[in-house]
Amino acid sequence: MSTLAHTMMTTARATESGLSGSGGLDRYPYPETSVPDRGTPVWDGSDQELGRVGRRAAGSRGRGLHGQLVQQLGQMIVSGDLGADRPLVPEEIGQRFEVSRTVVRESLRVLEAKGLVSARPNVGTRVRPVSDWNLLDPDIIEWRAFGPQRDDQRRELNELRWTIDPLAARLAAGHGREDVQQRLTDMVEIMGHALGQGDTVTLARADAEFHGLLIQAAGNRMLEHLSGIVSAALQVSGGPVTGCDRPHEGALVHHARIVDALAQGDGAAAEAAMRQLLTAHPEVEHVVPAPREH
């Protein structure tokens, strides 16, 4: 039985059955990441090699005071509450957020690596302009998705995905790894079960892993390096305006068709199925990039 037929049957069966302060930081609620119990099937991330791509987006924030401070300052900068060339005085930050100088120093180093701030002798630490930010950083993608630039972020993400995902699907068809193929099939089955149960959290996580695995299977290291973009696009609040945005059976069918095409080594069919997935929702028409005039 093909993945598509199996998925449709599975879906049918399943269907039956903050820190505060000036700057408005509370405007940025983050979704819960806990996963409800589900009957079948599940994955626990034990296969680190296969699961690592889809989980990169949350990897750089860290935990505890350090992670919280990076989060809060990053949101303030990206939202514009801390504008370009604004000086950041470590002592003032430490007093306001009640953290040590070490926590402040390490947090500013993380933000500097993301291009959000710069530290120079005799000048101090200042906020850098948007043109200097690492806009491909998953954290910055997420922060922009919750701030005033949310519309631009969604559009830009979808334009990038329109290039990345179809290419990954085509390339993956030429690398017949049975382990990846099975993992993709499992993700489709998990999505089908979650769709029937109305479990949007599980569906979103399985969807993110599906696309991350597909990029990994493409066998292109530079393309794999961009996988955080896709993962972040699928995990930010509201999701991208694509067939993955609002769960429905049509999007699941396209996922299954991608898997079937990969099993047959048909790169053209895999690419076509991916493009159908990305345009499965009518609202996508205003974000799908049109050919540029030269």
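Ala, Val, Leu, Ile, Met, Phe, Trp, Tyr, Cys and Pro are counted here as nonpolar, Asp, Glu, Lys and Arg as charged, and the others, Gly among them, as polar. This is a predicted model, in which local features need pLDDT of at least 70 and side-chain atom pairs count only at pLDDT 80 or more, while totals for chains, interfaces and linings use all residues. Residues are numbered from 1 along each chain as its sequence is written, and side-chain values use heavy atoms, with hydrogens and water left out.

**View A. Lining of the second largest cavity.** Ala172, His175, Gly176, Arg177, Val180, Gln181, Leu184, Ala217 and Leu262 line this cavity (a set of points on a 1 Å grid over the protein atoms alone where a 1.4 Å probe fits but cannot get out; lining residues have an atom within 4 Å of a point). Five of the lining residues are nonpolar, three polar and one charged.

**View B. Helix H8 at the second largest cavity.** Helix H8 (residues 178–197) supplies three residues, the largest share of the lining (helices are DSSP runs of H or I, at least four residues, numbered from the N terminus). The space in the cavity is about 60 Å³, a volume being the space filled by probe spheres set on the grid points, which are joined across faces, edges and corners.

**View C. Helices H2 and H5.** Mean pLDDT (the predictor's confidence in each residue, from 0 to 100) is lowest among the elements in helix H2 (residues 48–51), at 34, and highest in helix H5 (residues 101–113), at 95.

Methods: Helix = DSSP H or I, 4+ residues; strand = E, 2+ residues; numbered from the N terminus. 1 Å grid on protein atoms, 1.4 Å probe; cavity = no way out; pocket = protein on both sides within 12 Å on 5 of 7 lines; lining within 4 Å.
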